[in-house]
Every structure is written in structure tokens, then in C-alpha cells.
Amino acid sequence: MKNGKYARAYIYMTCAAVCFIIIFILIIRMFAVNSISKTDFGDMKNSVITVAKLQNVIKDGDAQMVRRLYGIDPSEYEGVYLEYPETNMGADELLIVKLKSTSQQKKVSNAIKKRNAEQLKNFDGYGTDQYGLLKKQLTEIRGNYVLYVVAKDTTDIKKAFEKKL
């Protein structure tokens, strides 16, 4: 009888410890995602585009193009940088946004999802290379910075972005 009580107590304690660890990890991740970076937008942009080196893109897309492609107004953000395809047959793309507030994360995230879905629809069935790039796109939302990249290799771009945070 005593062994059963001890076994049950051990199971409860183990479950409590696991729950505590999971809650602790979630809290740490929440703070890491919403931490505010003091990195200057120009420094972030230069660091990322130096590594990105996208081909066949128009660099430094203007506010009108950002509104057209993403439906967001750059004047509502601390900084926005866009590189987009020169032609309708291109898929490589880069968007960096410095938010004024983390409350803007959802709006930018939804704009990116919508843009990516539209591009996937455009290339579905005939642009297999472009479609593949769009399927493996990179979206990073970290505090007051958002990064969206469609490129063959996003690893170094992600590292440069994270290093500047």
C-alpha cells in the first residue's frame, strides 16, 4: 500500500516538474520574441542586404510599391526596406520592417502571409522554381523587427538579421 502512495506521489511530482519547465520555457520564448531591439534601422538594413545579394530585384522599393505589394503604409513604421522582383517571373524578395510598436506585428505578419499566398497562386502549376522558393520562404518576427525573405539560401540572411538584434 505504501509503495502505491509513493509511486503516485512520484508521478505527481514528476508531472509538476515537467509542467514547470514547459511554462518556464514558454515565458522565456515570449520575452525573446517581444524584446525591443535598439539596433538602428540603417544598420540592420545594411547588414542584411550585404549578405542577401538577391539577383534580378529592384532595390529600395518605394512607399507606393510597399503599399501595392503588402497593403501596409511605410509611414506607420519606423523603417521599411523592400527588394522585389524586376519581372513577374521572379520570386526573390526581401522585406525588412522596424515596427514602432510590437502591437504592429500581427498586421505585418498578415500582410506577409497574404503576399506569399498571392505569389504561390501566381506560380502554381508553371513556375516550379519560384513556387519552391516561395514555399520555403523565411519570415522572422522578433520584437520590433520583421524580416521576410524569398531566396535560394536564407541561412546567412537569417544569421545576419539575428546578429544585429
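Predicted model: local features only at pLDDT ≥ 70, side-chain atom pairs only at ≥ 80, totals over all residues.

Biologist: Where is F20 found?

Modeller: F20 belongs to helix α1, which covers residues 2-33.

Biologist: And does F20 count as buried or exposed?

Modeller: Exposed, because its relative accessibility is 59% and the cut-off for exposed is over 50%.

Biologist: OK, switching to the sheet. What is the strand order?

Modeller: The order is β1-β2-β3-β5-β4, in an open sheet of five strands with antiparallel pairing. At the edges are β1 (57-58) and β4 (138-142), each pairing on one side only.

Biologist: How many bridges are there between β2 and β3?

Modeller: Five, linking β2 (residues 79-85) and β3 (residues 93-98) in the antiparallel sense. In that pair, E83 stands opposite L94 of β3.

Biologist: Which helices go with the sheet?

Modeller: One is α4 (residues 105-123), which lies across β2, β3, β4 and β5 (145-150) and runs at about 10° to β5. Helix α6 (residues 155-164) also packs on the sheet, where α6 touches β4 and β5 and makes about 10° with the direction of β4.

Biologist: Last one: S47. Buried or exposed?

Modeller: S47 is buried, because its relative accessibility of 18% falls under the 20% cut-off. S47 sits in helix α2 (residues 41-52).

Biologist: What is S47 in contact with, leaving aside neighbours within four places in sequence?

Modeller: A160 and K164.

Key. Residues numbered from 1 in each chain as written. Heavy atoms only, no water. Pairing = 2+ DSSP bridges. Helix = DSSP H or I, 4+ residues; strand = E, 2+ residues; numbered from the N terminus. Contact = heavy atoms within 4.5 Å. Axes fitted to C-alpha atoms, helices over the stretch in contact; angles between N-to-C directions. Buried < 20%, exposed > 50% of the residue type's maximum accessible area, 1.4 Å probe, protein only.
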